[in-house]
Amino acid sequence: MNKIYIEDFSEKGLDVYKDYNENQLKHIYEPDLGLFIAETPNVIERAMDAGYEPESFLLEDKFDNEKTGKIYERFPEVPVFITDHESLKAFTGYNITMGMLSAMKRKKMPDVKEVCAGKKRIAVLENVSNPTNVGAIVRSAAALGMEAVILTSDCADPLYRRAARVSVGTVFQIPWTVISPESLMKDLRDAGFKTAALALEEDSISIDDPGFLKEEKLALILGSEGYGLKAETIKQSDYTVMIPMSNGVDSLNVAAASAVAFWELRSKDMHL
């Protein structure tokens, strides 16, 4: 076992946890694929189960136990850096949930055709820039019957530490990929989907409209936190749908709205 009890924080391999932001890590090995930081034992384990390989682990000493041991022992040659809580917080700049991080190697993303193949219900995110919202939406998608998630390239990365943590690792369980905003509608139509923009417009129909729900293949498109969907996206969509509200409330946070909408759109042959 390759345990290293940290005395010198200039130890080779520790720089990825402090000296690089998440976007820099994504591109650290260009032209090869980069890294991401996974946080909490559950997220790390789900990433490993999905085929992601760790480059190193960083562990708070009080969390060096049977649970975390079963995780890092799967890769005995990978360094496990260990230190105390205060040193870890000072080094990384934040409190680590459940005391465990891992620098993990990215995998090549699948293309849109591969992600959409055989699917009936998918979620599409356009310019959702908050990692917490991305993580929460992916978790709802996985839990409530969506079969895949498509993100435009202006969304927060689902592999960002906070997004993956909020998703409780479901970003490693549901198929997803990233595409250009310019090709979004064409790619969805080429894959055989009817598109539905979630937006409050004069011609919006209720999300539980029976005719709408009878569509065999539906892609629900959700927009940014502040401005919603782009006008052109709404215009090009086959449907514009809304969640009926009461008490004068006109909208929900995008993550909350996604959960309501996913429940309504789930394929009726799915056993939930």
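**Entry 1: ground rules.** I count a contact when heavy atoms lie within 4.5 Å. My model is predicted, so I note that local features need pLDDT of at least 70 and side-chain atom pairs pLDDT 80 or more, while totals for chains, interfaces and linings use all residues. Residues are numbered from 1 along each chain as its sequence is written, and side-chain values use heavy atoms, leaving out hydrogens and water.

**Entry 2: two helices.** I looked up α6 (residues 131-143) and α11 (residues 254-265); helices here are DSSP runs (H or I, at least four residues), strands are E runs of at least two, and both are numbered from the N terminus. Their axes are 9 Å apart and the packing angle is about 10°. Axes are lines fitted to C-alpha atoms, for helices over the stretch in contact, with angles from 0 to 180 degrees between N-to-C directions. That makes α6 roughly parallel to α11 (under 35 degrees; over 145 is roughly antiparallel, 65 to 115 roughly perpendicular, the rest oblique).

Which residues of α6 and α11 meet? From α6 I found N133, A136, I137, S140 and A141, and from α11 V254, A255, S258, A259 and F262. They divide into 7 nonpolar, 3 polar and no charged (nonpolar: Ala, Val, Leu, Ile, Met, Phe, Trp, Tyr, Cys, Pro; charged: Asp, Glu, Lys, Arg; polar: the others, Gly among them).

**Entry 3: aromatic pairs.** I have 6 aromatic pairs in the structure. Rings of Phe, Tyr and Trp (its six-membered ring) pair if their centres lie within 6.5 Å; planes under 30 degrees apart are stacked, over 60 edge-to-face, the rest tilted. F9 and F91 have ring centres 4.8 Å apart and planes at 35°, so I call this pair tilted. F9 sits in the loop between β1 (3-5) and α1 (22-26), and F91, 82 residues away, in helix α4 (residues 85-92).

Is F91 buried or exposed? F91 counts as buried at 8% relative accessibility, and F9 as partly exposed at 28% (buried is under 20% relative accessible area, exposed over 50%, partly exposed in between, with a 1.4 Å probe and protein chains only).

**Entry 4: around Y52.** Y52 and F172 pair edge-to-face, 5.2 Å centre to centre with 65° between the planes. Both Y52 and F172 are buried. Ring pairs link F36, Y52 and F172 into a cluster. I also saw K107 over the face of Y52, 4.7 Å from the ring centre (NZ of Lys or CZ of Arg within 6 Å of the centre and within 35 degrees of the ring normal).
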